[in-house]
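Try each one before you read its solution.

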Amino acid sequence: MKIAILRETAANEARVAATPETVQKYIGLGAKVSVEKGAGDGSKIPDADYKAAGATVSASASAAVKGADVVLTVRRPDAKALAGAKKGALVIGQMDPYGNEKDIKALAKAGFDAFAMEFMPRITRAQVMDVLSSQANLAGYQAVIEAATAFDRAFPMMMTAAGTVRPAKAFVMGAGVAGLQAIATAKRLGAVVSATDVRPAAKEQVESLGSKFVAVEDEEFKQAETAGGYAKEMSKEYQAKQAELVAAHIAKQDVVITTALIPGRPAPRLITKKMVESMAPGSVLVDLAVERGGNVEGAKANEIVDHKGVKIIGFENMAGRIATTASSLYAKNLASFLETLIDKEAKNLAVDPEDELVAATQLTRDGEVVHPAFAGEKG
Ligand code: NAD
């Protein structure tokens, strides 16, 4: 069984799908591991460390994938980049399938079995494989670090001989995994933190971190969570009431971090230009939803926009900005999943399509797109 690790080719992607630690694990499971030269550069993992862990370092992507049974990636690879891997090889990574159905079909047609790690069910057994959580947690942390760097004032209250510095006021919109970490990080830096979410369950979580919950808590709000624990798209009426409350709150904030997402839908627009303009010059917004259309009007992907003295940070792939930590957690998520697809006695692959983790994540099999969300998309 050969496992290949590719050097990521997407712009701004510094992460890598395996670390020397996970390579060692795969070798312990009876696999041979081939890592493309330089795959770990962005995460400061030298080729020599992969070699020391027992991997072969291949000069090119095609040499790394040649004869591979499994290819591990961070982003969806191009089917062409996988040429030479075995027919039916497993390709496991973040496949970002919505809007990219053509590329998923191409993977099916080329005979690869693609698995989307972001579809891992959020059940206890799969927590160690939850890439959305491991990466969103880091994104929430890093969003606050970026905000603090762009902010020209201090976050904590400081009582000095030269005078007292008031603490920064930070507001976090969307209190999921990223938002809760943003709240915790902003609090650790000494800011006065408040937060909002449309899910009623978030209120208690926000308050348990010592921050204030800000939301219109009407009947619709009380019902606003799917059985899976995700946000529902709210009615126009609710959005208007909430926007009014939030608008008054935002005008008093120094830092706003937005993380609001709705699965399979564009990100909700939460902050209008007018709200941005209500903030004092020097304030900072970070839009973590920029990849999915953005929560903040005027946010631009991978830019810091200065709108009348207010900075809007729109970095995509925020977790990738702390690549070494992000790769370490991501690689462990992948290893925990791959381990379930290996027969430890026979030391070969044993994928059970009936297994709920496989059924939830497998996009393509036997030349066809098989995931129910993309049913009918033949390869
Ligand atoms: P997400 O990334 O899909 O969205 C981020 C947050 O934005 C969510 O909290 C959502 O409610 C919020 N949001 C959406 N629209 C909004 C709006 N208009 N205004 C304000 N906020 C808005 O969420 P996530 O971080 O992936 O978490 C989703 C759920 O999954 C949560 O209930 C979380 O606790 C749960 N979860 C469970 C597990 C597990 O059991 N293994 C792991 C991680 C997360």
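**Exercise 1.** Does Lys347 count as buried or exposed, and why?

*Solution.* First, some ground rules: this is a predicted model, where local features need pLDDT of at least 70, side-chain atom pairs count only at pLDDT 80 or more, and totals for chains, interfaces and linings use all residues. Residues are numbered from 1 along each chain as its sequence is written. Next, the cut-offs: a residue is buried if 20 or more other C-beta atoms (placed from the backbone) lie within 10 Å of its own, exposed if 12 or fewer, and partly exposed in between. Lys347 counts as exposed because it has 11 C-beta neighbours inside 10 Å.

**Exercise 2.** Now try Asn317: buried or exposed?

*Solution.* Asn317 has 23 C-beta neighbours inside 10 Å, so it counts as buried. Now check its backbone: phi of Asn317 is near 50°, a positive value in a residue other than glycine. Lys347 has a positive phi too, near 55°. For background, most residues other than glycine have a negative phi.

**Exercise 3.** Which residues have the most contacts inside the largest nonpolar core?

*Solution.* Start with the term: such a core is a set of buried Ala, Val, Leu, Ile, Met, Phe, Trp, Tyr and Cys residues joined through C-beta atoms within 7 Å. The largest one has 109 residues, and Ile5, Val71 and Ile257 have the most contacts inside it. Then pick Val71: leaving aside neighbours within four places in sequence, its contacts (C-beta atoms, placed from the backbone, within 7 Å) include Ala4, Leu6 and Val91.

Key:
Contact = placed C-beta atoms within 7 Å.
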